[in-house]
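Here is a briefing on a structure with its sequence.

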Amino acid sequence: MNFQEYINSGIIERYALDNVSPQERQEIECMSHIYPEIKHELMIQQKIIEQLVMTYQVAPPVELKSKILVAVKNNLPELSQDITQGNGDSIVETTKTNVIKMTSPAPTQGFYKYLAAASIAFCIGLGGMYLKNNYEYKEQLSALNISNSGLEEQMNSISQKLAIIENPNFQKITLPGIKDKSPESVATVYWNKGESTVYLTPNSLPKPSSGKQFQLWAIKDGAPVDIGMLPNNFDSTSLIKMTNIDDAQAFAITMEKEGGVPSPTMSEMYVMAAL
Amino acid sequence: MSSFDDHAILINALIARQDDAYEYLYDRYSAALYGIVLKIVTDTEEAGDVLQDAFINISQKINTYDAAKGTLFTWMLNISRNKALDALRKKERKYQIQMDDQTVNTLEIKGATNTNYQIDSIGLQDILNNLRPDLKELIELYYFSGLTQQEITDLKGMPLGTVKTNIRTAMQSLRKIFDIN
């Protein structure tokens, strides 16, 4: 991978100078998980800024010390809240209350389609209950039951999906598109760390060019681990079971030759997210 | 030598709200953080308020600090700098980059231009004399005034590509000056 090119782009300096977009921030943090060279460069740039700032140091007025230490003490949150207090910029969230949210990258397709189908099936089922006792409509009911069986199949598939995305043991990790490669791409990883299971929804990925296939990677202990290929017939609502992984600091998808490769092609990375 | 020099111990103690850990944090970093805040807001009283605000924020968010993403100092630096830039923007809103004005681009960034307080890192500042003056100004505009590369381009009438290259050159020069490998 040509990380030198990445370093030369100046993005790491901008990161150290705290002048990057949230997406770039995530990108760099993910890159530095993958590539020790990038991490090394990042640490150097941060050191430079630290040294630079040190040259501007000014001792604050003496009376400020006790004032600030008292203010800090008085403003600490309740201990019980410590665990839940975050800085808000984490991209990892549990899926429990986010079923609707996950559809947002592809509002015209997504899960709305299934939700609509589900609600139709539900209405028909409800209508059926009323009709059940009504002799006059028995014939109509049987006709409805037939059309319902197709929906039932869909319902089962939705139920399976909901069981995964609603399971609080699954982390939902949104993988945004790589800015310079495919900014409009989005994918979502559902990861049950306890059981190591991984599912993937390719919310918005381009169709792979001929002879190519998307490959999912987990970054574990700084090294990329192949955790499976995406079948090329995926659609944006597919929920694809991938290879188990028990630990990961990041997930990424690259487009590789059909069947996959042992290590990711950096320039072909479409989406990624660090945890 | 304090056991808090080990940052893992320090951070655990901060999360556990040990008073001595906060005192250590203040003693160790307040001058650096106050320096950058003062450089940005320029008013000593306001700098004190911002520093307080920053320390409160640091103490409240300490459990979100991730050593994998950088040093504790950098993390605190970013919090303090952002608090100071927020305060500056609230107060002034005078980043008047008047591109239409043919005569003079008036940019009133006190932070980058005023040095009417005493920097007490004598000798430390001298080292920056080894940095080309235009590069020093650029870094100050970029880092201490929080201008974007585009705003600097507009301000200095310099192509964006040159601004980008110069920022990189400045960082490389600083790396040599500070002898960081």
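Predicted model: local features only at pLDDT ≥ 70, side-chain atom pairs only at ≥ 80, totals over all residues.

Residues are numbered from 1 along each chain as its sequence is written, chains are lettered from A and ligands numbered from 1 in the order in which they are written, and side-chain values use heavy atoms, with hydrogens and water left out.

**Sheet in chain A**

- Four strands of chain A form an open sheet in the order S6-S5-S8-S9, paired antiparallel.
- The edges are strand S6 (223-229) and strand S9 (269-274) of chain A; each has a single partner strand, so one side of each lacks a neighbour in the sheet.
- From one strand to the next, the twist averages 30°.
- Helices (H or I, at least four residues) and strands (E, at least two) are DSSP runs, numbered from the N terminus.
- Two strands pair if DSSP finds at least two bridges between them.
- Strand S8 (residues 250-257) of chain A is joined to S9(A) by five bridges, and the two run antiparallel.
- A:Thr254 sits opposite A:Met269 in S9(A).
- Strands of a sheet pair through backbone hydrogen bonds, either parallel or antiparallel.
- Helix H3 (residues 22-34) of chain A lies across strand S5 (212-220), S8 and S9 of chain A, at about 90° to S9(A).
- Axes are lines fitted to C-alpha atoms, for helices over the stretch in contact (heavy atoms within 4.5 Å); angles run from 0 to 180 degrees between N-to-C directions.

**Chain B and its helix pair**

- Chain B has eight helices and zero strands.
- Of its 181 residues, 50% count as buried (under 20% relative accessible area; exposed is over 50%, partly exposed in between; 1.4 Å probe, protein chains only).
- Among contacts in chain B with a separation of 6 or more, 58% come from residues 24 or more positions apart.
- Helix H2 (residues 19-41) and helix H4 (residues 72-91) of chain B pack at about 35°, with axes 9 Å apart.
- Residues in this contact include B:Leu25, B:Tyr29 and B:Ile36 of H2(B), and B:Phe73, B:Met76 and B:Arg81 of H4(B).
- The residues of the contact of H2(B) with H4(B) divide into 16 nonpolar, one polar and two charged.
- Ala, Val, Leu, Ile, Met, Phe, Trp, Tyr, Cys and Pro count as nonpolar, Asp, Glu, Lys and Arg as charged, and the others, Gly among them, as polar.

**A:Asp18**

- A:Asp18 is in the loop between helix H2 (11-16) and H3 of chain A.
- A:Asp18 counts as buried because its relative accessibility is 13%.
- Its side chain makes polar contacts with those of B:Arg81, at 3.3 Å, and B:Asn82, at 3.2 Å.
- A polar contact is a pair of N or O atoms within 3.5 Å; within protein, one must be able to donate a hydrogen and the other to accept it, and residues adjacent in sequence count only if both atoms are side-chain atoms.

- A:Gln45 lies in helix H4 (residues 36-54) of chain A and is buried at 2% relative accessibility.
- Beyond four places in sequence, A:Gln45 contacts A:Ile12, A:Glu13, A:Ala16 and B:Met171.
- A:Ala187 is in strand S3 (residues 186-192) of chain A and is buried, at 0% relative accessible area.
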